[in-house]
Structures are given as structure tokens and as C-alpha cells.
Amino acid sequence: MREASRDRAKAFLTLLPSIILVAVFVYGFIGNTIWTSMTDWGGSGALATEPVKNFIGLDNYVDLFTGFLGGGFRQDLVNAVYYSIMLLAGAVGLGMFIAILLDRKPKGEDVLRTIFLYPMSLSFIVSGTIWRWLLAPQGGVNVLPAYAGFKPLDFAWLSSTGAILEFNWQNLFQVLLYAAAFVMIMVGLWGVRRDPRRAVLRWIGPGAAAGLLVWLFGDLLPQALFMEETHGFNLATLGIIMATIWQYSGYTMALYLAGFNGISQDLRDAAMLDGASEAGYYRHVAIPMLKPITISAVIILSHISLKMFDLIFAMTGPDNAQTGHPALTMYLTTFRANDFARGAAIAIVLFMIAALFIVPYLVSQYRQRRRG
Amino acid sequence: MIKSFSKYIVIMAAALLLAAPQAVQAKELTGELEIFSWWAGDEGPALAALIDIYKKQNPGVEVINATVTGGSGVNAKAVLKTRMLGGEPPDSFQVHAGQELIGTWVKADRMEDLTPLFKEQGWMDVFPEGLIKLIGTDKGIWSVPVNVHRSNVMWYIPANLAKWGVAVPKTWDEFFAIAPKLKEQGVLPLALAQNWTANHLWESVALASLGADNWDALWNGTLAFDSPEGIKAWEMFGKVLEYTNADASSLSWQQATDMVIDGRAAFNIMGDWAAGYMYTTKKMTPGKDFGWVASPGTSGEFLFLADSFGLPLGSPHRDNAIAWLKILGSKEGSDAFNPIKGSISARTDSDLSKYNDYLKSAAADFGKDRVVGSLAHGVAANETFMGGFASVMEMFLKTRNPQAAAKACQQLAKKSRIGE
């Protein structure tokens, strides 16, 4: 008994330094940033030795989401959402595809593996500069078809002003509800084979009802902004998404490859004996077994996409609303425009979005561990 | 015994030094001098010329040339902020003269008033009065201008214009008249580059639309941005934008200038560092290979910007820094620096024989034109306004809505306390 408590004390003492450091340098500073975001610290005199800071509550947040001058931030936020979704789909999909190809052990598999993983070791600034050159309007990718005798492309990869999937920010609530309804219906359709009753009752039914209600009575919802403001998926982001996928699909490939290698050969042989095709083996055996890997890839990549800064900075520079990103705006607002409070508010918004991804994951992990 | 004696001598010497009368100012300077700037690369040699003079005059001082690269100081300014906040100011740092310095550092009480230095060196008489007003406040003068650049210049290739059969437009109306003619021949009327060059173009257009008096009124807070005049400036800017290139945001300013040189575009409005680029890098002769004129509707107005050096409070080697500032403001220093940098001296008595033809004409204009401050380069407004203006510009480039842009500017002006 005494032995155990002494062990505990020792463990606590060993952990104490890191607990203190994390408490101060992570949670302390998160708290400080939250506090800063609720003040009016900024403008001239912001850099004085004793700057004036007045508590103004949530004004900075209200201004970011509904203010006249927050339009840039709102576009950045929309950009970040599209960017995250495309990056996740692209990097996970492509990484998995390459991993499956390499799992078949083709000749020179180890060389290929290195080649695919290599982009990840490059600094974002370097790859960003390379891609900027590749995607220049009159060079790089656009002149490739000319070598094959076709007309060169004239797509402005990084400066196109076109946008698709546009919506009016005034209708933000409708759009969010539609998205939720869509996700519910999709989840239901996914599970319809396993348990049709539950799928219809729990997911498809409510989802369809919510969608219908919004469609019928959506006009009654409050408007999120006093004026019309359209945001959408800017085509100029495509270039940046391409570059990020190029850089990160090697990483997801490595994750999946490690997972595939961890599946025992017996299992594969058993599946083959039962008459599974190659595709069937991956579809029904290997990939479902690698669910933890998929989840960690999704979480890591979504964080990377939320923190993305250097690649965008190198590819399109600081002021480019078409490809803007909240992290970039945060830096410019804080350190160029000296608007520390608003910069802090943007940082907290980003932090909250990141929490949206990570908290459910942590909760489910915790539950699983308690159950297991 | 010997040890304590030597200690005694050291203490006596120290006491003597402290008690020494102020008259020994001419004493040899020693120690270090750290100069913080963003002048690397093309601008490096100009800075080196100044440092050479300093070293000749003060051989005992070790000069530390701390540069952080990045056009118009994007990165340098952020590094400087962390250093100042961390209590480690450099001895003297480069900053755009005007509100960029005043709004960020003077209002924060981190700069030393240089009025005594200006008086002692007789700079009150050699720098134009309008310039001194723009770099100072009612409480003092805050930096020593090293150079003067002009923002409202339109560049063209005379031979090309003759080939296309158009004359240089004096006003925007004339420009709108010839622009369709250029378009018909497959020539882009006006080359534009990434975001900040749009801000740069805006200030030339707005100055033409508003006139110098209203332009000044905008910045001292007596004219609202969303007044009819302000909205008209944005409308005109929108009209000008119709004659610019669609891929602007992925070009650097040099690439936009290249479009004019190659004959793909007719005109380009850029600061006069473009002359330096064409003269030094492209080896073109001013007046013959390339021509220039004040941007349409702004002849007789000199939209200026200046690099300057200030003296932060708590500069670790103050005497060395003051010696540095003296060289920057001297005739010798500015005439060594500016011909290499491709800018003119802020002094009215500079030796023009050292400058090329473009710079001679700019210096003549600077002497007689109405001098107004540039927005895009930090003279007219503080950094909060400039940062916000960049996003207003992005919004306008997308929506092309003059009313919304003017209103946003007015909110921004209120927020960043323009004119207070």
C-alpha cells in the first residue's frame, strides 16, 4: 500500500514540470488570447509599453461575423472549409490508392515509396515557390499541352476570380441546416443495408424532414448579415489544393502502407480462399480494418489545413482574397495592421474549429478505453 | 596590493570619464551600431555606400547591418515589432516616413524627438517644409528621410506609342478615349500586378479624381470616404480597372513593367523604382528607351513616399546612432545613396550632376510641385488603416461596388482614427 502511494508521488513529481509548462505555455496562453480577443487592444498606441486595453465583450466576434469590415474574414472561413474538405478527400483518397498499388509489391516498391514520401520532407515555402512557378499563367502546367501539339491552357490557377457553389452569407443558417440534412441523409444511406429501420428512422427521415422544413420555411430564419454578400469556392484555390495534396498524399500513403503491412498474410489468404477478389479484399477487409488510421489521417490533415499558412503565403502572397485563409488573415491583422484584439479573435475562432474536429475524437477514444 | 592599486586606477578613470564635460563630444565613437532595414538584394549596394561613409568617419564603431528581406518590409516590420516589444530595439531602424511610423511607434511613445538634431544640422532649411510637416507631428520630428520616391508616375515606351498611333494621355478622360483603340490592336492599355499595386494605382486615380486639397482632407478627417467625392474616386477606379489584365494578382510589379517593355501593354503606373529597374537592370536609357509622365490628372502633384531612419527610445548605442542619422541627412550621404538606389534626395540642394535623367526631372518636380503623401506606402495613414484597406481593395476587385468600398473605407477610417 505504502509502496503504491510512494510510486504515485514519484510519478506525480516526474510529471509536474511538464504539467506546469503545459499549463502556463499552452492553457495559460490560450486563456490570455481569449482575454485579448475580448478587449479593444489595437490601432495607434497598441505597441506602447503599457497599451490601453478595454474590455468590450464579444464585439470583436460579432464584428467578424456580421460587420461590414469582416467580409474578408468570412470569405477566408468559407475558403478554409472548402480547402479542408478537398484536401481530406484528395490526400486520403490518393494516398490510399497509392498505398494499395504499392501493397501489391510491384518491382522497385521501396524506391517508389521513397519517391512518393519525399515531397513531405520539403519545406512548404520551397514547394510553394515551385508550385507558384508551375502554375504561372503563361508557363508550367499551362504550356504542357503545347508539347503534345494541343493548344496551351489559359486557366489562371492562382488568380482566377471565378467561383462555384456560391451562397449568400445572409442565408448562412439555411445553408448550414441544408448541409446538416445532407450529411444525415448520407449517413442514413450508408447504413441502410445494415439496419434499414434504424437508418430510416434515425437518419434519413429526420434529415429529409429538416431539409424540407428549411426549404419551406427557411425565409423565417434570421438573416446573418444586413446586406447581400456572396461567398463560394474560389477556383483560384484549386492550385493551392493541388500543391497540398501533392505534398501530403505521400504521408497518408505511408500511414496506410504501414497499416496494410500490419494485416497478417493469413487474413488475406483466408479472404482469397473464401473467393474475395483483390478489390473485394481491400473494400471489405483491409480498409475497414484500418479505420483508426483513416481517423488519425483525417484529424491530422484537417488540422494541417486549418493551420495552413506558409504554402499559401509562398504561392499567392499576403493579400489575395481569392485564396485567403484565416491563419493568414490572423497574422496580417495582428502583426501588420496592429489590431491585436481582432487577430486574437480570429485565432480563437480557428481554435474552436480545430476543437470541433478533435474533441469528438478524444471523447470517443476515452469511451473506448473505458469500455476496453 | 598591486591588484587593489589597479582597481583604484580603474575607478578613478571611470569617475573622470563620468565627470568629463559635455564639450568632449568630438570624442572618438566606439562600440557597435546596429542598423535594421529591409534593404538587401538590389538595394544592398546603396545601403553599403552609406555604411562606407560611416566607417570612414567613425573607424572605431563596428557596424552591424541587420537586414530582413521582403518587399516594402513585410517581414522586417514584423521582426522589428517583436524586437521592440521584447525590449531589444536596434540602434536605428528603417521605416516609411509618415503615419506608418507615427501611428505605430510615435503614438506608442517609443521614438525620440529629432527636432534638436534637425535644428543643429540646419535641416529645417534644406528639407522642404511640406515634407517636414508630413514626417512630424505637433510634438516633434520623428525620422530622418533618406530618399524620396514618387508614386504617381505613368511609364511607357515612346516608340511603341508611335507605332500604335496614340499620344500620352494627360487626363483619365483622354486615357478612356485611347484605350479602346489600343484594345483593338490587341494591346493591353494598363498593366497591373498583385494586390499592393492595385492600392498603388488607386491612390493615383483617387488623387486625380479628388484633387490635392480633397486628398489631404481625406487624411485629416475633414472629408468622408463615403462622401460623393469619395464614391466618385472609387467609380473612376472601377472604370480604370476595366482596362487592366485579368491575371494581375499573380504578377509581380516587375512583370507588369515587363509587359510594357515587351509591348504587350501600353502603360503602367508604378512608383519610380520602376525607373531604377529599367535603367539598372534592363539597361534602358531614360527619355529614349522609356518615357514617363505624371499619372493622368495629377501633373503638378507629387505623391511622395520616403524611407527614413528613426531613433528608438532606449537605443543601446545612442551616440553612434545619432552619428548615423547625421550622415543620412547630410548632402554627402544622400548623394552617395540615392543615385544607386534610384531615388532622389529629400534635400533641396542635392548635386544633380550625379543623377540620371529621370531622377533629374523628378528632383525638379519635387522642388516645384504640390507634395502630397502616399497611402500605399505609409505616408498618409497608419498601419491599421493600410492593413484594412488591403482587404477593402480585395473586396472591391471582386464585387466592383464603389458604394460598398467607400463605406467600408469610412468605417475603417473611424476605426483606425484617421485625422485624430
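Biologist: Which residue in strand 10 of chain B is the bridge partner of Met154(B)?

Modeller: Some ground rules come before the reply. This is a predicted model, where local features need pLDDT of at least 70, side-chain atom pairs count only at pLDDT 80 or more, and totals for chains, interfaces and linings use all residues. Residues are numbered from 1 along each chain as its sequence is written, while chains are lettered from A and ligands numbered from 1 in the order in which they are written. Helices (H or I, at least four residues) and strands (E, at least two) are DSSP runs, numbered from the N terminus. Two strands pair if DSSP finds at least two bridges between them. Here, the partner of Met154(B) is Ile269(B). Strand 8 (residues 153-156) of chain B meets strand 10 of chain B in the antiparallel sense, over two bridges.

Biologist: How many bridges join strand 9 of chain B to strand 10 of chain B?

Modeller: Three, and the two strands run parallel. In that pairing, Ala191(B) has Asn268(B) as its bridge partner.

Biologist: Is strand 10 of chain B mostly covered or mostly open?

Modeller: Count C-beta atoms, placed from the backbone: a residue is buried with 20 or more others within 10 Å of its own, exposed with 12 or fewer, and partly exposed in between. Strand 10 (residues 265-269) of chain B is mostly covered, with five of its five residues buried.

Biologist: Why does Thr115(B) count as partly exposed?

Modeller: Because 16 other C-beta atoms lie within 10 Å of Thr115(B). Thr115(B) sits in helix 5 (residues 115-120) of chain B.

Biologist: What is the strand order in the open sheet of three strands?

Modeller: The order is 7-12-14 in chain B, with mixed pairing. Strand 7 (149-150) and strand 14 (370-373) of chain B are the edges, each pairing on one side only. Strand 12 (residues 301-305) of chain B runs parallel to strand 14 of chain B, over four bridges. Glu301(B) stands opposite Arg370(B) there.

Biologist: Where do the domains of chain B lie?

Modeller: Domain bounds come from an automatic or database domain assignment. Domain 1 of chain B covers 32-149 + 305-373, and domain 2 covers 151-304 + 375-415. Their centres, taken over C-alpha atoms, are 26 Å apart. Contact requires C-beta atoms, placed from the backbone, within 7 Å. By that rule, 25 residues of domain 1 of chain B and 29 residues of domain 2 of chain B take part.

Biologist: Which element gives the most to the side of domain 1 of chain B that touches domain 2 of chain B?

Modeller: Helix 17 of chain B, with five residues.

Definitions and conventions
Two residues are in contact if their C-beta atoms, placed from the backbone, lie within 7 Å.
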